[in-house]
Amino acid sequence: MQKKQASGLDTRRMVPIYAAVFGIFGQLFLPWLSIPALKRSRLSVTYSLPQTASCVSNLRQWGSTQAQMTPLSASEAIWLAQLEWILPLLGTLLALLLLGAAVAVWRKRDRALGIVRVTFSLHLFWCVAQFLLVLLLNATLNLHTGQSITFRTLTIQSTAQLTAWVYAQLLLALVVVIGAKRLLAVSPAESAPAAQVRRIRDDRRLGRRTRLSLALLLLGIPLTILFGIYFLNDRSAVFIGLCIVCLSMLPFAMVFEDRRPQARELLLIAVLSAIAVAGRAAFFMLPQFKPMAAIVILAGVTLGPEAGFLTGTISGFVSNFFFGQGPWTPWQMFSFGIIGFLAGLLFFRRSRSGRGHRLVLCLYGGLSVLFLYGALMDLSGLISTYGHITWSLAAARLISGFPFNLIHAAATVFFLFILSGPMERKIRRIQQKYGLLQV
């Protein structure tokens with residue numbers, strides 16, 4: 001079983017394939033899915049690059065009531081009309097090239113490195129070209145609507161906007177181009193011993209993977225949430241939630257750095273997330289008295305910090321489809337994920353049995369929910385409502401929310417005391433029987 005798990009494509013080699021698949025969808029389907037209307041845009045709707053005709057038409061209607069829009073010249077009208085068919089054509093050709101690169105990596109051809117570098121260099125160049133086209137389009141429209149050409153009117157207050165998908169494709173292409181040699185250099189022969197060493201090692205220090213995960217989770221996700229608040233006018237909870245799920249999956253994917261992931265390992269995360277969602281729904285009649293935080297903590301304790309964070313974010317996102325999506329969703333996902341991640345850091349590979357372990361786990365659960373989850377959720381409401389935090393507002397919000405946080409903390413202690421013993425035994429039995437997530 002050890003040899004079977006270490007065979008096949010390792011995670012590093014799968015990165016160009018994932019990036020190629022995302023690029024294909026981005027070129028064929030996602031350019032027309034514009035992000036929600038930006039908070040600082042002067043129009044009620046923002047437009048992506050392929051929607052140039054609709055953008056100009058809306059500007060003409062807007063100009064009739066606000067300021068007269070001067071007519072486009074013949075050359076300007078021609079190049080704007082050409083964008084309507086050139087962009088889909090180039091996007092389709094690039095999607096075919098990305099498909100060829102993905103097939104070359106999957107079949108492990110000798111020239112896969114060269115194909116990947118050339119293809120993703122073209123992908124990177126095309127993403128930058130789209131950014132320049134948007135700047136040129138906005139500069140042209142600003143001249144005809146009497147707007148000044150400044151950095152602000154060409155970016156966050158511009159009429160046409162690049163979708164978030166283009167920026168994601170640009171970052172992925174840059175990562176693949178820079179790290180292509182290292183991503184494709186890991187061989188299956190080198191993966192098997194590494195996988196076995198990772199299974200028997202009991203290192204309690206923070207490893208490189210954990211440090212990278214901390215940096216990503218503590219910087220990338222809060223910045224994503226703040227972007228949704230200050231630039232998307234807090235009207236994109238589902239979009240930001242999907243971004244957080246994607247970011248939380250990256251540290252979890254690092255667990256499979258030296259071996260091929262198995263479907264049953266991902267199924268274990270899905271089952272724990274489903275149990276957490278069902279537990280929150282089952283106690284809907286009792287405000288704040290929910291077992292969800294306890295299950296997220298147990299996921300981190302048994303499966304590791306990365307799995308704990310992923311379980312928390314998925315559980316918070318999915319459960320709000322029943323309880324209601326809103327500006328609080330990204331903050332709930334982040335808060336649940338953090339307490340699951342910290343539980344994995346503190347208790348994963350530690351003593352796992354006995355009454356003392358259960359009491360310490362209950363103590364951590366109560367304190368983390370009371371002072372970490374509760375404080376983050378209370379203060380997030382101030383940011384969403386006022387856009388800033390003052391000492392008086394923070395004190396008032398924390399004091400008013402303390403009774404509810406105390407109930408949530410008591411519920412977490414109660415469910416951890418009841419569930420920690422049987423759930424840990426069941427999960428560890430499955431881990432030992434099938435060799436799941438023992439890294």
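Residues are numbered from 1 along each chain as its sequence is written. Local features need pLDDT of at least 70 and side-chain atom pairs count only at pLDDT 80 or more, while totals for chains, interfaces and linings use all residues; side-chain values use heavy atoms, with hydrogens and water left out.

The chain has 16 helices and 0 strands, both taken as DSSP runs numbered from the N terminus (helices H or I, at least four residues; strands E, at least two). Of its 439 residues, 48% are buried, that is, under 20% relative accessible area with a 1.4 Å probe, counting protein chains only. Contacts are heavy atoms within 4.5 Å; among those between residues at least 6 apart in sequence, 78% join residues at least 24 apart.

Confidence comes as pLDDT, given by the predictor for each residue from 0 to 100. The chain's mean is 77, and 76% of its residues reach 70 or more. Over residues 188–204 the pLDDT is below 50, and this stretch has 31 contacts in the model beyond near neighbours in sequence. Residues 1–8 also stay under 50, with 22 contacts beyond four places in sequence. Where pLDDT is low, the predicted coordinates should not be read in detail.

A nonpolar core is a set of buried Ala, Val, Leu, Ile, Met, Phe, Trp, Tyr and Cys residues joined through side-chain atoms within 4.5 Å. The largest one has 50 residues, and those with the most contacts inside it include I221, I297, F309 and L416. Helices α9 (208–230) and α16 (391–434) are among those that each supply at least two residues of this core. A second, separate core has 33 residues, among them I17, I24, A102 and F120.

Just after α13, G324 takes a positive phi of about 110°.

Helix α7 (residues 164–183) has a kink of about 45° centred on V177, where the bend is the angle between axes fitted to the seven residues ending there and the seven starting there. The buried residues of α7 include V166, A173, V176 and L183.
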